[in-house]
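Hi,

Here is the structure I promised to pass on. Have a look at it first, and my notes follow below.

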Amino acid sequence: MKHPNEKSRSVHSRCTPDQGHCKRIFFKSERYCKLGQLTQSAVHEEGYIKFDARWEQTPPLVGVYPKELLDWRNRLFVHGLIGMLPDGIGYGNVSERLRGDTFLITGSATGGVSELTTEHLAMVEDADASANTVICKGPVVASSESMSHDAIYRATPAIRAVMHIHHLGMWRYWKGRLPTTPDEARYGTPQMATALLECARPLAVQSYGLIVMGGHREGLIAFGPSHEIAGRCLMAHYDAIPEKFTVQGAGYVEGPSDGENPDAC
Ligand SMILES: [Zn+2]
């Protein structure tokens with residue numbers, strides 16, 4: 001039974017700045033989604049990933065002020081690790097576990113907002129990668145990458161903060177040097193969620209780490225028991241990349257080199 005305020009939303013947005021033509025998230029108006037029946041190549045050719053976002057529109061959550069989340073999100077924005085491309089497509093997102101498997105996450109299409117507030121946050125109550133369903137509420141729809149965050153949280157209850165950023169230089173340099181999801185696991189797919197969980201589990205002993213999303217060009221995910229620890233881990237790897245990689249921020253486009261998979265999108 002749907003709550004009166006609950007709605008399925010049709011929104012076109014795209015998390016990734018990958019190569020201009022890349023994937024869009026399409027929140028279908030139907031409660032059903034057929035992505036699970038599509039092949040990887042079909043998803044790629046279509047250029048769209050479809051999942052069902054069941055969103056209950058509410059005011060900002062009362063009594064919740066995630067200062068650390070907002071501080072770190074705005075800090076990552078300053079570095080261009082979260083942001084918006086000239087074509088208006090946002091990228092990057094930050095989340096924080098609340099209780100159980102629920103978490104707070106920055107909203108879809110908020111990448112271009114320089115100072116995020118609680119008006120830009122959604123609570124994910126459930127995310128099911130195999131069914132491509134996200135159940136959320138708040139003033140905005142949850143980020144299109146909620147399922148990736150959910151996969152990381154499932155590795156261990158000790159993980160309480162997750163950050164997803166885009167940076168081509170970091171992605172290229174750390175790919176294969178850090179735990180990396182397979183190229184075949186594309187953004188927004190059940191395969192990516194499974195691959196992220198597999199990468200995060202061995203790191204769960206220390207409950208923090210950084211994972212390269214091999215099939216999601218420019219994408220990396222940091223996590224930890226707090227935003228401070230996840231953020232420090234992320235920025236340490238940001239500072240450690242060789243100088244020749246540092247000029248290549250999100251959205252940087254060049255020909256494939258250094259073993260980069262030109263088809264990674
Ligand atoms: Zn992304």
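In strand β9 (residues 121–128), M123 is the bridge partner of L104. Keep in mind that this is a predicted model. L104 belongs to strand β8 (residues 103–106), which pairs with β9 in the antiparallel sense over four bridges.

β8 has another partner too: strand β7 (residues 93–97) pairs with β8, again antiparallel, over three bridges. There, E96 stands opposite L104. The hairpin of β7 and β8 has five residues between the strands, and G100 takes a positive phi near 60° in that hairpin.

So where do the β8 side chains go? F103 and I105 point one way, L104 and T106 point the other way, and all of them are buried. In a regular strand, side chains alternate between the two faces of the sheet.

Now for the helices. Helix α3 (residues 146–153) packs against helix α5 (residues 190–203) at an angle of about 30°, with the axes 8 Å apart. With the cut-off for roughly parallel at under 35 degrees, α3 and α5 therefore count as roughly parallel to each other. Their crossing is right-handed. On the α3 side you'll find M147, S148, A151 and I152, which meet M192, A193, L196, L197 and A200 in α5. By class, that contact has eight nonpolar residues, one polar and no charged ones.

Y238 counts as buried because it has 20 C-beta neighbours inside 10 Å. The C-alpha atoms of Y238 and H167 are separated by 8.9 Å, with the two residues 71 apart along the chain.

Cheers

Methods:
Residues are numbered from 1 along each chain as its sequence is written. This is a predicted model: local features need pLDDT of at least 70, side-chain atom pairs count only at pLDDT 80 or more; totals for chains, interfaces and linings use all residues. Axes are lines fitted to C-alpha atoms, for helices over the stretch in contact, and angles run from 0 to 180 degrees between N-to-C directions. Helices (H or I, at least four residues) and strands (E, at least two) are DSSP runs, numbered from the N terminus. Angles under 35 degrees count as roughly parallel, over 145 as roughly antiparallel, 65 to 115 as roughly perpendicular and the rest as oblique. A crossing is left-handed if the near helix is turned anticlockwise from the far one by less than a right angle, and right-handed if clockwise. Two residues are in contact if their C-beta atoms, placed from the backbone, lie within 7 Å. Ala, Val, Leu, Ile, Met, Phe, Trp, Tyr, Cys and Pro count as nonpolar, Asp, Glu, Lys and Arg as charged, and the others, Gly among them, as polar. A residue is buried if 20 or more other C-beta atoms lie within 10 Å of its own, exposed if 12 or fewer, and partly exposed in between; C-beta atoms are placed from the backbone. Two strands pair if DSSP finds at least two bridges between them.
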